[in-house]
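Me: Can we go through the charged pairs and the packing in this model together? I'd like the cut-offs spelled out as we go.

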Amino acid sequence: MSTERSVRVPYVLHFESRTVVLGEPAHLEELDALLRGAGVATRPTYWHGMQRNDPGAALNSVGTDLTAEHFWDRVDAGAFAAARWPVDLDGPLYLPAPPPWLQRARAWEYDPVAPALGAAEPGGWLRAPGWAGTENNDAGGSVGLLQLTDPASFWVLASDADLTEVAAAAKELTRFRQGFDRLAAYFGPDDRIGCLRLPLVCREPLEDELITLGVDIEPRFWE
């Protein structure tokens with residue numbers, strides 16, 4: 001994995017006809033404006049339970065009642081609505097598109113029957129197409145440690161190669177740290193690992209290990 005800080009891109013999570021995006025506050029502000037410009041009702045949330053108008057409020061998610069297909073359609077519609085057209089007919093014309101960081105966003109969809117390898121029941125996050133059907137699966141990007149569905153566990157979302165390396169690091173920690181024997185990997189129909197799941201007790205040891213390895217982590221926990 002890369003020892004340099006990667007350029008962070010959002011995590012786009014699709015779940016039961018809803019889409020929630022996690023990412024950098026500045027990116028989320030831009031996404032929220034883009035979606036609202038396309039007529040989408042959004043549900044932004046802020047760190048530490050703050051509200052939009054509170055001093056120092058920073059976005060930590062943007063939620064919508066949109067499926068994956070409709071979400072990206074509205075992203076394109078928002079980019080079109082925000083486009084600046086040339087003032088004269090001879091000026092260059094560029095096809096409206098969302099900002100590059102959103103084009104590079106990584107996407108997952110929750111599959112309630114995704115099989116697990118390890119001590120866990122079925123149901124996990126599988127990689128999904130992003131903007132324009134593309135997939136950002138480059139190794140060396142940031143690794144998301146995300147508490148998403150319950151208070152007792154967290155998920156690891158990253159590229160295929162980085163997930164394999166995180167799983168190897170977690171297995172090493174099994175020898176002298178509690179909880180790592182409950183590591184679970186979830187697979188899609190193409191036999192690719194979509195994500196990892198670990199009990200919450202593994203959070204700090206895994207963070208410490210990944211930081212030691214020079215991995216750029218993005219921890220997002222209910223705090």
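Me: Is arginine 127 buried or exposed?
Reply: Arginine 127 counts as buried, at 16% relative accessibility, where buried means under 20% relative accessible area, exposed over 50% and partly exposed in between, with a 1.4 Å probe and protein chains only. This is a predicted model, in which local features need pLDDT of at least 70 and side-chain atom pairs count only at pLDDT 80 or more, while totals for chains, interfaces and linings use all residues. Residues are numbered from 1 along each chain as its sequence is written, and side-chain values use heavy atoms, with hydrogens and water left out.

Me: Which side chain meets arginine 127 in a salt bridge?
Reply: That is glutamate 135, at 3.9 Å from N to O, a salt bridge being a side-chain nitrogen of Lys or Arg within 4 Å of a carboxyl oxygen of Asp or Glu. Glutamate 135 is partly exposed, with a relative accessible area of 37%.

Me: And what about glutamate 135 and arginine 192?
Reply: Their side chains also meet in a salt bridge, with an N to O distance of 2.7 Å. Glutamate 135 sits in the loop between strand 7 (124-128) and strand 8, and arginine 192 in the loop between strand 10 and strand 11, so this pair ties together parts that are 57 residues apart in sequence. Helices (H or I, at least four residues) and strands (E, at least two) are DSSP runs, numbered from the N terminus. Arginine 192 is partly exposed, at 27% relative accessible area.

Me: Which residues are linked in that network of salt bridges?
Reply: The network links Arg127, Glu135, Asp160, Asp190 and Arg192; a search of the whole structure finds 17 salt bridges.

Me: Where do aspartate 216 and arginine 8 lie?
Reply: Aspartate 216 lies in the loop between helix 5 and strand 12 (217-220) and arginine 8 in the segment before strand 1 (11-15), so their pairing ties together parts 208 residues apart in sequence. The two side chains form a salt bridge at 2.7 Å, N to O. Aspartate 216 is buried at 11% relative accessible area, and arginine 8 is buried at 17%.

Me: Switching to the hydrophobic side, how many residues has the largest nonpolar core?
Reply: It has 22 residues, and those with the most contacts inside it are Leu145, Phe154, Val156, Leu196 and Leu206; such a core is a set of buried Ala, Val, Leu, Ile, Met, Phe, Trp, Tyr and Cys residues joined through side-chain atoms within 4.5 Å. The elements giving two or more residues to this core include strand 8 (143-146), helix 4 (160-173) and helix 5 (203-212), and helix 4 gives the most, with 5 residues.

Me: What is leucine 206 in contact with?
Reply: Leaving aside its neighbours within four places in sequence, leucine 206 is in contact (heavy atoms within 4.5 Å) with Leu145, Phe154, Val156, Val166, Leu173, Phe180 and Leu198.

Me: How do helix 4 and helix 5 pack?
Reply: They pack at an angle of about 120°, with their axes 10 Å apart; axes are lines fitted to C-alpha atoms, for helices over the stretch in contact, and angles run from 0 to 180 degrees between N-to-C directions. That makes helix 4 oblique to helix 5, since angles under 35 degrees count as roughly parallel, over 145 as roughly antiparallel, 65 to 115 as roughly perpendicular and the rest as oblique. Val166, Ala169 and Leu173 of helix 4 make the contact with Pro205, Leu206, Glu209 and Leu210 of helix 5.
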